[in-house]
Amino acid sequence: MTPHVHVVRAPGRVNLIGEHIDYCGLSVLPMALRRSVRIQFHPRSDREMRLVNRDPRFAPSAFAVSESIPPAAAGDWGNYARAAAQALAQRFPDLRGVNALVESDLPIAAGLSSSSALLVAMALAMLHANGVSVASLELMDLLGRGERYVGTAGGGMDQAIILGARAGCASRIDFHPLRLTPTAVPAGWQFIVAWSLVHAEKSGAARQAYNERPRQCDEARRLVAARLGQREDITYPGLLGAASVEQLLELAGATLSGVLPRRFRHVVTEGTRVVQAEAAMAAGDLAAFARLLDASHQSLRDDYEVSHPELDRLVELAREAGAAGARLTGAGFGGSIVALCRVERAPEVVAALRERFYAPRGAADEVGRHVFMAEPSAGAEVMRT
Ligand code: NG1
């Protein structure tokens with residue numbers, strides 16, 4: 001008898017708003033994409049993991065499942081599988097390995113979470129192959145922490161939305177405790193994702209720049225908390241509950257120095273933009289949502305300094321082409337933008353980006369790969385074929 005082949009699908013995500021604040025414990029508003037990582041897998045009777053990638057850029061990878069798995073070289077794709085396997089092995093001893101064939105139509109290092117999608121897909125394959133089930137929120141949390149194996153100090157947004165997304169919706173993700181609250185994306189709204197042609201390798205060059213941000217936010221938080229007479233371990237949501245944004249910004253201005261006042265301003269203003277954006281989406285107020293996207297981009301560019309000239313140019317061109325609002329999405333330093341317009345406007349926006357951004361950069365013929373319509377999709381699932 002031929003054994004059933006199982007396939008797991010884990011989508012990428014586009015974060016609509018709430019950038020670089022998940023690791024501050026503040027809510028974010030992403031949605032899952034239709035593009036995904038898919039893994040065909042077979043259980044093994046030993047602890048070996050044998051991974052093959054259909055993309056020839058990624059060499060086969062093999063390792064044994066254990067509670068402490070030595071990493072491959074920095075940047076090696078197999079480290080995301082190691083991260084998943086180690087996180088699961090620490091929670092469930094005696095897990096057996098899988099043979100896995102990986103494929104993906106998600107662009108890599110584009111700010112769309114291809115890495116977390118791979119990690120989540122691998123974890124679901126292993127759990128399924130071992131007949132182990134874990135509550136969804138627990139798994140989100142376990143894998144959110146597990147991805148730090150690769151050396152990035154990320155928050156838990158990506159693993160949560162990849163596992164918990166609902167089709168047709170964006171989800172507000174709250175942390176501590178983790179919770180997802182879906183809001184339907186209004187009919188007639190079109191989110192467009194466009195890649196800047198600049199790779200943002202968070203496992204490579206962008207890692208240090210990324211990891212510096214959570215450290216700066218933490219230092220700013222502690223100094224403002226002390227000035228406010230609050231406990232040193234108060235969280236950002238705690239600070240926002242204890243004082244108004246205006247008061248916090250005034251205190252920060254009087255207390256912090258160097259880049260910290262700007263980092264702090266991004267975090268607290270972005271936190272409030274998420275709340276307003278969720279309300280605008282629920283009310284179908286596209287203009288209000290779009291203004292928040294623009295404000296988020298400015299804040300990420302000027303205060304948080306995670307943009308890139310090519311991202312700024314794409315945002316500018318998308319706005320000139322008729323998008324109501326646009327901003328960089330994901331960690332930045334390259335990667336993609338997300339733009340919002342009415343559905344009927346989308347072809348004009350894409351045509352203008354082709355002519356004014358991609359053609360001058362010799363990439364007009366690949367616009368179909370670099371620009372796509374983001375359709376709010378369901379979270380990861382295991383299917384039997
Ligand atoms: P991407 O865009 O996948 O590099 C990273 C973090 C998120 C979040 C965003 C910025 C990981 C796995 N992901 O996402 O948690 O902090 O940056 O909002 O570290």
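1. An open sheet of four strands runs in the order 9-10-8-11, and its pairing is antiparallel. Strand 9 (325-329) and strand 11 (371-374) sit at the edges. Each has a single partner strand, so one side of each lacks a neighbour in the sheet. On average, neighbouring strands here are turned by 25 degrees against each other, direction ignored. Please keep in mind that this is a predicted model.

2. Look next at the pairing of strand 9. Its antiparallel pairing with strand 10 (residues 336-342) extends over five bridges. Thr329 is found opposite Ser336 of strand 10.

3. Which strands does helix 10 lie across? Helix 10 (residues 309-320) lies across strand 8 (189-195), strand 9 and strand 10. Relative to strand 9, helix 10 runs at about 160 degrees.

4. Six strands make up an open sheet ordered 4-3-5-2-1-12. Its pairing is mixed. The edges are held by strand 4 (61-64) and strand 12 (381-384), and each of these pairs on one side only. From one strand to the next, the twist averages 25 degrees.

5. Strand 1 (residues 6-17) and strand 2 (residues 29-43) run antiparallel and are joined by ten bridges. Within that pairing, Pro11 stands opposite Ser36 of strand 2. Arg9 has Arg38 as its bridge partner in strand 2. Strand 1 also pairs with strand 12, again in the antiparallel sense, over four bridges. There, Val8 has Val382 of strand 12 as its bridge partner.

6. How many residues of strand 1 are buried? The count is twelve of the twelve, so strand 1 is largely enclosed by the rest of the structure.

7. His6 illustrates the point. His6 belongs to strand 1. Is His6 buried or exposed? Its relative accessible area is 16%, so His6 is buried, given that the cut-off for buried is under 20%.

8. Two helices lie across strand 1 and strand 2. One is helix 4 (residues 157-164), which runs at about 125 degrees to strand 1. The other is helix 9 (residues 286-303), which runs at about 85 degrees to strand 1.

9. Helix 4 also packs against helix 3 (residues 136-146). The axes of helix 3 and helix 4 come within 8 Å and cross at roughly 145 degrees. This crossing is right-handed. From helix 3, the contact involves Leu139, Met140, Leu143 and Gly144. From helix 4, it involves Gln159, Ala160, Leu163 and Gly164. By type, the residues of this contact are five nonpolar, three polar and no charged.

10. Consider the link between those two helices. Gly156 lies in the loop between helix 3 and helix 4. With a relative accessibility of 18%, Gly156 counts as buried. Not counting residues up to four places away in sequence, Gly156 touches Asp22 and Phe175. Gly75 is 81 residues away along the chain from Gly156, and their C-alpha atoms are separated by 20 Å.

11. How do helix 5 and helix 7 cross, and at what angle? The axes of helix 5 (residues 206-227) and helix 7 (residues 245-255) come within 10 Å, with a crossing of roughly 100 degrees. Helix 5 is therefore roughly perpendicular to helix 7, because angles of 65 to 115 degrees count as roughly perpendicular.

12. Helix 5 supplies Leu223, Val224 and Arg227. Helix 7 supplies Leu248, Leu251, Ala252, Ala254 and Thr255. Six of the contact residues are nonpolar, one is polar and one is charged.

Terms used: Residues are numbered from 1 along each chain as its sequence is written. This is a predicted model: local features need pLDDT of at least 70, side-chain atom pairs count only at pLDDT 80 or more; totals for chains, interfaces and linings use all residues. Side-chain values use heavy atoms; hydrogens and water are left out. Axes are lines fitted to C-alpha atoms, for helices over the stretch in contact, and angles run from 0 to 180 degrees between N-to-C directions. Angles under 35 degrees count as roughly parallel, over 145 as roughly antiparallel, 65 to 115 as roughly perpendicular and the rest as oblique. Contact means heavy atoms within 4.5 Å. Ala, Val, Leu, Ile, Met, Phe, Trp, Tyr, Cys and Pro count as nonpolar, Asp, Glu, Lys and Arg as charged, and the others, Gly among them, as polar. Two strands pair if DSSP finds at least two bridges between them. A crossing is left-handed if the near helix is turned anticlockwise from the far one by less than a right angle, and right-handed if clockwise. Buried means under 20% relative accessible area, exposed over 50%, partly exposed in between (1.4 Å probe, protein chains only).
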